[in-house]
Amino acid sequence: MESGNKIGSSAHPTSLLPPVRGGGSSGTLGRHLARRLVEIGVKDVFSVPGDFNLTLLDHLIAESELNLIGCCNELNAGYAADGYARAKGVGACVVTFTVGGLSVLNAIAGAYSENLPVICIVGGPNSNDYGSNRILHHTIGLPDFSQELRCFQTITCAQAVVNNLDDAHELIDTAISTALKESKPVYISISCNLPGIPHPTFAREPVPFFIAPKVSNQLGLEAAVDATADFLNKAVKPVLVGGPKLRVAKAQEAFVELADASGYPIAVMPSGKGLVPEHHPHFIGTYWGAVSTGFCGEIVESSDAYVFVGPIFNDYSSVGYSLLIKKEKSIIVQPNRVTIGNGPSFGWVFMTDFLSALAKKLKRNSTAMENYRRIFIPPGMPLKHGDDEPLRVNVLFKHIQEMLSGDSAVIAETGDSWFNCLKLRLPENCGYEFQMQYGSIGWSVGATLGYAQAAKEKRVIACIGDGSFQVTAQDISTMIRCGQRNIIFLINNGGYTIEVEIHDGPYNVIKNWNYSGLVDAIHNGEGKCWTTKVRTENDLKEAIVTATGGEKDSLCFIEVVAHKDDTSKELLEWGSRVASANSRPPNPQ
């Protein structure tokens, strides 16, 4: 057990950091905020300038270890901070008052749903205007400036309105530390006239501060471990399933420790993909009810004991509430609580402590793993057709699978890419991200920008549908400005395919764009960018050779023209079940 956790521990350096050197004047609010961001691991801040945040941006630019990245709009700046937090452990964005703040709301709500610490900083009104009964621009025309704050209160875990230097130090530090303790976004508004004013509370070298460690209730931990071990050691064919809250609990290593010790087969929930090592010898696939990868669902649902570690069960992850899981057979391990069957439940028991302790108490049981190996049949390959046949999506993903390595990461946009990407087998150290809980179309463009900026050692492969791309396309421009070398597969099938399979209508058809031509226009000869449009498998092969060869240092945009009805079988099944859940009649009154 560590005696203390540095802010951002396990995602960032855990030793005391050397003083941060920068060009800005010392002892100011702007300097202090910049230094704190660097201290917690933020090297890149995503921003959109506005008159209320310009002075603050000057101080962020003056910090030599911060890189300010201007985005095309606030929504994408928020999505970029989300993607950055997935790779780095924390992200940050800076926007202007109300018009910027309300634009970034959707992205911050998504980060909240996905348990990501994002520091959302807003340049606010002059401190003299608070309580003055004045009407300001960038507002809705009322002298009450709290509208933006009230909007953020439900989607952040802490809010700080800094309009007085006397308590600015405390407000900023409290908000940032709360974001990292809760693994949720926070909102910090800073009056536009304060960043450059010196104040005694802003020491030249801010003292690094610690987050108090979370220590399990020892008696509760022992009771939870004993009860769970007793439950599992009596089971015939138990299984282990990892969920998305493994990230917030920082329990991936403890999960593997338990898998190694128990001999149980391990599966991953779709929203947890990328958090469980798929090269592990006991990995059996993605558990997603009726749309699980081959033979995984059968093994999990036929088990007499299943341990779900950090799950989120919603209508999407449960395929319209159709999972064949019985509560009395389940053990649910959340970041700070363990529940066994219908009871008992043990609180203030932390996931990492619990998994590590449980690993030492379990009898090894490989029965379910042996059952899986008996019934498993390797997945087939797409049928081979003529060279000029239109490219099918399953053929596309066969080739994407071959591109993956430990030096790559996959970003899957909301839509059919969810289902096609979940079937990809991730090599060791290959990153994987998608936004399942919130499911906001267009998320992936900004998230790709942010993730790639944080994980420069990886080449990001983004799979984006045409409908989603139309929402947030502009920040391809920012990727080019940053010199990123992402490979973007734009799947052009003429509409919102995932919506079609839930409930079709003319509203699911979109105006077709010349997507590769659009990116060429955005490129405009500045920076490294290569585009192509592919219609056949041979076209695709040639494009991949170029993207991984001669254009390996460029942003590569590959527009894949596909039939509008070319979908994964999993989407067809999932869509019908979600549609059924959505169309349930009202309960009798």
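Residues are numbered from 1 along each chain as its sequence is written, and side-chain values use heavy atoms, with hydrogens and water left out. In this predicted model local features need pLDDT of at least 70 and side-chain atom pairs count only at pLDDT 80 or more, whereas totals for chains, interfaces and linings use all residues.

Helices (H or I, at least four residues) and strands (E, at least two) are DSSP runs, numbered from the N terminus. Two strands are taken to pair if DSSP finds at least two bridges between them. On this basis, 6 strands form an open parallel sheet in the order β3-β2-β4-β5-β7-β6. The edge strands of this sheet, β3 (67-70) and β6 (158-162), each pair on one side only. From one strand to the next, the twist averages 20°. Within the sheet, strand β2 (residues 44-47) and strand β4 (residues 91-96) run parallel and are joined by 2 bridges; F46 stands opposite C93 in β4.

Axes are lines fitted to C-alpha atoms, for helices over the stretch in contact (heavy atoms within 4.5 Å), and angles run from 0 to 180 degrees between N-to-C directions. Helix α6 (residues 168-182) lies across β5 (118-124), β6 and β7 (186-191), and runs at about 160° to β6. Helix α15 (residues 443-454) lies across β2 and β3, at about 160° to β2.

A further open sheet of 6 strands, with parallel pairing, has the order β17-β16-β18-β19-β21-β20. Its edges are β17 (431-434) and β20 (529-534); each has a single partner strand, so one side of each is left without a neighbour in the sheet. Neighbouring strands here are turned by 15° against each other on average, direction ignored. Strand β20 pairs with strand β21 (residues 555-561) in the parallel sense over 6 bridges, and the bridge partner of W530 in β21 is C556.

Strand β9 (residues 239-242) is covered on both faces. In a regular strand the side chains alternate between the two faces of the sheet. In β9, V239 and V241 on one side and L240 and G242 on the other are all buried (under 20% relative accessible area; exposed is over 50% and partly exposed in between, with a 1.4 Å probe and protein chains only). Strand β9 pairs in the parallel sense with strand β12 (residues 306-309) over 4 bridges, where V309 is the bridge partner of G242. Parallel pairing over 3 bridges also links β9 to strand β10 (residues 266-268), with I266 as the bridge partner of L240.

D466 lies in helix α16 (residues 466-472). D466 is buried yet has no salt bridge, defined as a side-chain nitrogen of Lys or Arg within 4 Å of a carboxyl oxygen of Asp or Glu. The nearest side chain of opposite charge, K533, is 11 Å away; Lys and Arg count as positive and Asp and Glu as negative, while His and the chain ends are not counted. Leaving aside neighbours within four places in sequence, the contacts of D466 include L490, N492, G494, I510 and Y515.

With a disulfide defined as a pair of cysteine sulfur atoms within 2.5 Å, the count comes to 0 disulfides. For C157, the nearest cysteine sulfur is that of C120, 12 Å away; C157 is partly exposed, with a relative accessible area of 27%. For C296, the nearest cysteine sulfur is that of C421, 17 Å away, and C296 counts as buried at 0% relative accessibility.
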